[in-house]
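Please look over the sequence and the structure shown below before reading on.

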Amino acid sequence: MAKRLVAAAGAVIFGAGVLVGMGRPAASADTETGATPAVPGIGACATDPRPVHESVVPKTVEVPVPYPVVTVDTGPLPENTERVRMELPPDPCVNPCPDLTDTPAAPPGLAEQLGIPKLIVRPQPFNFALPNPNPPALPPGPEPAHPSSEPAERTPARPTPQVSDVREVSKLTGANSINRTDKRWQVQGTDLGIMWQSAPDEIAIAFGDTVGREFHPPGGMGEDWRSNLLAFSKNRDLANGIVFDRMVTDDRCHASEMLSSRKLDNIEITTIPTSGFALGDRQYMSYMSIRTWNSLPGTWFTNYGGLAYSDDHGEHWTKDPYAKWENIFGVSSFQVASMVPQGDWVYMFGIPNTRLGGVGLARVPKEQVLNPTAYQYWQNGSWGPAVNGNVSATPIVDAPAGELSVRYDENRKVWQMSYLDTAKAALVVRESDSPQGAWSDSAVTVSALQFPELYGGFIHPWSTGDDLYFTMSTWNDYNVYLMHATLN
């Protein structure tokens, strides 16, 4: 069962959103304007019911009851290397694995019959770990680099983006979605949808905590828990949604976990992707190792932010043992990173764990991405190395920021940043002429007035100057939606 708690991914927006969302009808996908046609490989099935957002009043409420457990931290788990390639029917309306996904629904319980939320009390171990007496030996690390300090003045702030024509394009994951992920890959509930260009004609899409059978929102509750998944898409007709060509799978109709996690609360409960990019034939994925979701509402604690890489186009991944940014005292930056190659550099925009910190910035030569000593951090008008291993970066965007997504628009020569602003209870966008800014004021793209439990806001790399496409997750649905906004 996914042990991710309500406090982890929706509490801040839930708190702000319920005040404005109670008494409002749940928003639903727009099937009249810009609807996806029922054509094989393009849209949802005509026989599927219209996707409707879940109410903020849940049908099922899980109450975790932590209890202490003393254990030994045995160290990282081996990655799941099993892979099974399966040819899917070109018609998405055909269920390729009915024996796995068409299980009969359970009869309604008493709470459902009475129209009240079902209550599940679930004991959960909260671990206190003893050190591993036999830690694994590490391979030799990279040679220490000694980057210099260089001036990097800020550019004048751009005007605030003018946002209009915001609409929900399509539901990308879960039941009745454009991709029918519940039938094709046993993905009934998932979130995030972090995108990068994995090849000139292809986009990779990474997802966070995922559940399959017995899924029940709000949040990632259910069975068949996987910490992260990866899909690929080549379609450019974004006005009709993102059609997945495939997901990385380890069995028939079963999306595989990419980066393992120990799934031990207060040791490592999960590993969540935060961004991705490609350099040549190698794919990179930044991620955060979550120690526990059991913290203050809207917050969580990480062990570190790290980098993983794949040399077989995303089929298998290796967590680099040295490319890590440890979370010292729970306040370190670059726990949640958005990494963007541009020119000779890879820029790393980062925030602390939680959604309450400001945005810091670092850069590294492309050939040194996995060498943490080669990074330079932007501090008060200059790039400089870490001092005695201590990372310090001046915020380029003030707090609060969460679910950071940054891209460089090659056509306009403009940087774009999207994130969840918990103070505004909204997804927002900013623009700048340089990575360090100054960044424009933020403009709201989607508000909790529309989707009370929203989060995410990850920009599609094939957005244009006027058409901004981004993914949005909602805690009450615990699935991913493609959104569109016009930027004037």
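What follows describes some strands, the nonpolar cores and several charged residues.

## About the model

This is a predicted model, in which local features need pLDDT of at least 70 and side-chain atom pairs count only at pLDDT 80 or more, while totals for chains, interfaces and linings use all residues. Residues are numbered from 1 along each chain as its sequence is written, and side-chain values use heavy atoms, with hydrogens and water left out.

Helices (H or I, at least four residues) and strands (E, at least two) are DSSP runs numbered from the N terminus. In strand E12 (residues 282–292), 9 of the 11 residues are buried, so the strand is largely enclosed by the rest of the structure; buried means under 20% relative accessible area, exposed over 50%, and partly exposed in between, with a 1.4 Å probe and protein chains only.

Two strands pair if DSSP finds at least two bridges between them. Strand E11 (residues 270–279) pairs with E12 in the antiparallel sense over 9 bridges, and Leu279 has Arg282 of E12 as its bridge partner. These two strands form a hairpin with 2 residues between them, where Gly280 in the turn has a positive phi of about 65°. E12 is also joined by 9 bridges to strand E13 (residues 301–310), again running antiparallel, and there Tyr287 is partnered with Gly306.

## Nonpolar cores

A nonpolar core is a set of buried Ala, Val, Leu, Ile, Met, Phe, Trp, Tyr and Cys residues joined through side-chain atoms within 4.5 Å. The largest one has 66 residues, and those with the most contacts inside it are Leu230, Phe349, Val359, Ile396 and Met417. Strand E20 (residues 397–409) gives the largest share of this core, 5 residues.

## Charged residues

A salt bridge is a side-chain nitrogen of Lys or Arg within 4 Å of a carboxyl oxygen of Asp or Glu, and by this rule the count comes to 22. In one of them the side chains of Arg122 and Glu62 meet at 3.0 Å, N to O. Arg122 lies in strand E2 (residues 118–130) and Glu62 in strand E1, so the pair ties together parts that are 60 residues apart in sequence. Arg122 counts as partly exposed at 24% relative accessibility, whereas Glu62 is buried at 11%.

Which charged residue is buried yet has no salt bridge? That residue is Asp320, and the nearest side chain of opposite charge, Arg282, is 6.7 Å away; Lys and Arg count as positive and Asp and Glu as negative, while His and the chain ends are not counted. Asp320 belongs to strand E14 (residues 318–326).
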